[in-house]
Amino acid sequence: MQGGFLLLIASLCVGEGREITKSLSVQGGNWGTWGQVVYCPEGSFADGYKMKIEPPQGFRDDTSLNRVSLSCRDGTTLEASGDVAPHPHTQSFGTWGPMTSCQRGHFITSFALQVERPQGSDDDTAANFVKFTCRNITNGESYVMIQQPGAGYWGTYGPWSESCPLGSAVCGIQQKVEPYQSILGDDTELNNLKFYCCKHI
Ligand SMILES: *[C@@H]1O[C@H](CO)[C@@H](O)[C@H](O)[C@H]1NC(C)=O
């Protein structure tokens, strides 16, 4: 019993048994709270993403980018190992777009976020789009991977995050989401993202 408890604590500290080498963060929006970190299965890394986006609403409240989900792939066998679950808040707008992926054998190692700055009494949307770099886990060569059309409706891209150290790649995601603001409120939903790098082998 006690051994099991200690094992549980130890595995929470390293992210479900994963060895975290770095966390990647950027400047995001002002609102919301961080959800839990969700990880790819042991031995797997993120190699693609999809976004839940609400198209422009005209005179009604816009929220733009609302959630991000990662696809995972085993770092050794290169078999697909499922998608990691989005942030748990249930009230959410928009629809999921397609998965955009790195070339097989490449994994996500850094990101940049397009954020709309606060609009005062006007309609805020916060995070609008995200792009990544993919890196060959063997030789370290990397390139930018962006879902088309490459940017969201409002705001500008901030600088790139730091990169996962060589020999590691993104294995976990955390989302900062503003909860539903009621029918009269100004919702923004997704405000920021954080990614966690895990050691490969
Ligand atoms: C990754 O790098 C290795 C070593 O240079 C190379 O053999 C392999 O083809 C590269 N993988 C991809 C998907 O480009």
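Visitor: Leaving aside its neighbours within four places in sequence, what is Thr63 in contact with?
Guide: In this predicted model, Thr63 is in contact with Glu54, Phe93, Thr125, Ala127, Asp187, Thr188 and Glu189, neighbours within four places being left aside. Each of these counts because contact means heavy atoms within 4.5 Å. Thr63 itself is found in the loop between β4 (44–53) and β5 (65–74).

Visitor: Why is Thr63 called buried?
Guide: The relative accessible area of Thr63 is 1%. Buried means under 20%, so Thr63 is buried.

Visitor: What makes the pair of Thr63 and Asn66 a polar contact?
Guide: Their side chains come to 3.0 Å. The limit for a pair of N or O atoms is 3.5 Å, with one able to donate a hydrogen and the other to accept it, and the pair of Thr63 and Asn66 is therefore listed as a polar contact.

Visitor: Why does Ile183 count as exposed?
Guide: Ile183 has 77% relative accessibility. Exposed means over 50%, so Ile183 counts as exposed. Ile183 lies in the loop between β13 (168–177) and β14 (190–199).

Visitor: Which residues make the nonpolar surface patch?
Guide: Tyr180, Ile183 and Leu184 make the patch, which covers about 410 Å².

Visitor: Is Lys176 buried or exposed, and how do you know?
Guide: Lys176 is buried: its relative accessible area is 13%, and the cut-off for buried is under 20%. The place of Lys176 is in strand β13. Beyond its neighbours within four places in sequence, Lys176 is in contact with several residues, including Trp31, Trp34, Glu189 and Leu190.

Visitor: What lies 3.3 Å from a polar atom of the side chain of Lys176?
Guide: The backbone oxygen of Gly29 lies there. Gly29 is also one of the residues in contact with Lys176. As for Leu193, its C-alpha atom is separated by 6.1 Å from that of Lys176, although the two residues are 17 apart along the chain.

Visitor: How many salt bridges does a search of the whole structure find?
Guide: It finds four. Among them is that of Lys22 with Glu162, the closest N and O atoms being 3.0 Å apart. The cut-off is 4 Å between a side-chain nitrogen of Lys or Arg and a carboxyl oxygen of Asp or Glu, so this pair qualifies. Lys22 is in strand β1 (residues 20–25) and Glu162 in the loop between β12 and β13, 140 residues apart.

Visitor: Why is Lys22 called partly exposed?
Guide: Its relative accessible area is 23%. Partly exposed is the range between the buried limit of 20% and the exposed limit of 50%, so Lys22 falls in that class.

Visitor: What makes Asp47 and Arg73 a salt bridge?
Guide: The N to O value is 2.7 Å, and the cut-off is 4 Å. Asp47 lies in strand β4 and Arg73 in strand β5, so the bridge ties together parts 26 residues apart in sequence. Asp47, at 3% relative accessible area, is buried, and Arg73, at 16%, counts as buried too.

Visitor: How do you know that Asp83 and Lys50 meet in a salt bridge?
Guide: Their side chains come to 3.9 Å, N to O, and a salt bridge needs a value within 4 Å. Asp83 is in strand β6 (residues 80–83) and Lys50 in strand β4, 33 residues apart. With 45% relative accessibility, Asp83 counts as partly exposed.

Visitor: What makes β10 and β11 a pair of strands?
Guide: Four bridges join strand β10 (residues 127–136) to β11, and the two run antiparallel. Pairing needs at least two bridges, so β10 and β11 pair. The bridge partner of Thr133 is Val144 in β11, and Cys134 stands opposite Tyr143 in β11. The hairpin of β10 and β11 has five residues between the strands, and Gly140 takes a positive phi near 80°.

Visitor: Why do β11 (142–145) and β12 (156–157) stand at the edges?
Guide: The open sheet of four strands has the order β11-β10-β9-β12, with antiparallel pairing. β11 and β12 each have a single partner strand, so one side of each is left without a neighbour in the sheet.

Definitions and conventions. Residues numbered from 1 in each chain as written. Predicted model: local features only at pLDDT ≥ 70, side-chain atom pairs only at ≥ 80, totals over all residues. Heavy atoms only, no water. Buried < 20%, exposed > 50% of the residue type's maximum accessible area, 1.4 Å probe, protein only. Patch = residues over 30% accessible without salt bridge, like charges linked within 9 Å, V, L, I, M, F, W, Y side chains within 5 Å. Areas by Shrake-Rupley, 256 points an atom, 1.4 Å probe, with all protein chains shown as cover.
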